[in-house]
Amino acid sequence: MKSKFEYNRTAITEFILLGLVETPDLRPVVFVVFLLSYLLTVGGNLSILAAILVETKLHTPMYFFLGNLSVLDVGCITVTIPSMLARLLSHKRTVPYGACLTQLFFFHLLVGVDCFLLTAMAYDRFLAICQPLTYSTRMSQTVQRILVAVSWALAFTNALTHTVAISTLNFCGPNVINHFYCDLPQLFQLSCSSTQLNELLLFAVGFIMAGTPLALIVTSYAHVTAAVLRIRSAEGRKKAFSTCGSHLTVVAIFYGSGIFNYMRLGSAKLSDKDKAFGIFNTVINPMLNPIIYSLRNPDVQGALWRVLMGRRPLA
């Protein structure tokens, strides 16, 4: 005979994702909007990646990291949106327990790599502006690859830690998730065992995964700002700041939505506002990144135009 603990562990075999809307008439509209958003995001990020690969002028550390960021954005939106679209088509809202944890793992893996890549990009700007004489040696191809590899290793450890920790919780009912993908705050709400240790783990690891990179980004840009303000020419200052503006915009959106989503676990009930910030994390951020990085960058704009028109890159 199974113990009560064993029964609770196996009581829930699937979750019900309510999705973004429960009104049947609105589901076709949601499907079309998010399908177009998905195609636009994937197309935009792959176009940025293609432009970086074919344009020799963009073979620099900053664009190497941007290319990796584009791959992450495609992965991040692919982890959540296609499964949501499939559920809208099939009218089936259930997701198996194992599939829910798999989605959680890959989502946190990709978001974690994003955190460290944004930090590497800030470090790149710090070296380029504050230490230009040693920039080429300190940001060599080997250093770039090491930074990306370390980002993946740390993010993998973080994602695996959270996935293993959530798998130790008991889920004995209810199993309804008021969201469109599986994530930690929603699963914490459904657990019938104590989530105190899991929440402490989330805050502790979150400080390492988000707090430390954010502190490094702020420190890097404090030095960058001081260095730029020492430039006598107004045109020189404007040019230096323009290379950092896009990155700072992405950092502000990424960390703003992420902090709100994960740092309010003490609320009694997760509301529909969490869906809005989930859309920010999974759809809007990846969709805006190629727009932000190409909007005020003539080199990227020219490379994109040549890729889209099928023209050969300039020598």
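This is a predicted model: local features need pLDDT of at least 70, side-chain atom pairs count only at pLDDT 80 or more; totals for chains, interfaces and linings use all residues.
Helices are taken here as DSSP runs of at least four residues, numbered from the N terminus. Threonine 119 lies 93 residues away from threonine 212 in sequence, yet the two C-alpha atoms are 9.3 Å apart in space.

The secondary structure of the chain as a whole amounts to eleven helices and three strands. Along the sequence these elements follow the pattern α-β-α-α-β-α-α-α-β-α-α-α-α-α. The chain has 315 residues, of which 46% count as buried. Its accessible surface comes to about 16,000 Å², and carbon and sulfur atoms account for 68% of that area. Among contacts between residues at least 6 apart in sequence, 80% join residues at least 24 apart.

An unreviewed UniProt entry places the feature "transmembrane region" at residues 29-54, 63-85, 105-126, 146-166, 200-229 and 241-263. Two of these segments may be compared with the model. Over residues 29-54 the chain is 100% helix and 0% strand, with 37 Å between the end C-alpha atoms. Residues 63-85 are likewise 100% helix and 0% strand, and here the end C-alpha atoms are 32 Å apart.

The three strands form an open sheet in the order β2-β1-β3, with mixed pairing. Strands β2 (94-96) and β3 (176-177) lie at the edges, each pairing on one side only. Strand β1, formed by residues 14-17, runs parallel to β3 and is joined to it by two bridges. In one detail of this part of the sheet, leucine 17 has isoleucine 177 of β3 as its bridge partner. Helix α4 (residues 97-130) packs on the sheet and touches β1, β2 and β3; the direction of the helix makes about 80° with that of β2.

Aromatic side chains were examined next. A pair of aromatic rings is described by the distance of the centres and the angle of the planes. Ten aromatic pairs are counted in the model. In one of them, the ring centres of phenylalanine 105 and phenylalanine 156 are 5.7 Å apart and the planes stand at 90°, above the limit of 60 degrees, so the pair is edge-to-face. This pair links distant parts of the chain, since phenylalanine 105 belongs to helix α4 and phenylalanine 156 to helix α6 (residues 141-167), 51 residues apart. Phenylalanine 105 is buried, its relative accessible area being 13%, whereas phenylalanine 156 counts as partly exposed at 40%.

Another pair is formed by tyrosine 123 and phenylalanine 126, with ring centres 6.4 Å apart; the planes meet at 25°, under the limit of 30 degrees, and the pair is therefore stacked. Both residues lie in helix α4, and because they are three residues apart, about one helical turn separates tyrosine 123 from phenylalanine 126. Tyrosine 123 has a relative accessible area of 31% and is partly exposed, while phenylalanine 126, at 17%, counts as buried. Elsewhere, ring pairs link Phe15, Tyr97 and Phe171 into a cluster.

Definitions and conventions:
Residues are numbered from 1 along each chain as its sequence is written. Side-chain values use heavy atoms; hydrogens and water are left out. UniProt positions are given in the numbering used here, feature names are shortened, and annotations may be inferred rather than shown by experiment. Two strands pair if DSSP finds at least two bridges between them. Contact means heavy atoms within 4.5 Å. Axes are lines fitted to C-alpha atoms, for helices over the stretch in contact, and angles run from 0 to 180 degrees between N-to-C directions. Buried means under 20% relative accessible area, exposed over 50%, partly exposed in between (1.4 Å probe, protein chains only). Accessible areas come from the Shrake-Rupley method with a 1.4 Å probe; for residues, only the protein chains shown count as cover. Rings of Phe, Tyr and Trp (its six-membered ring) pair if their centres lie within 6.5 Å; planes under 30 degrees apart count as stacked, over 60 as edge-to-face and the rest as tilted.
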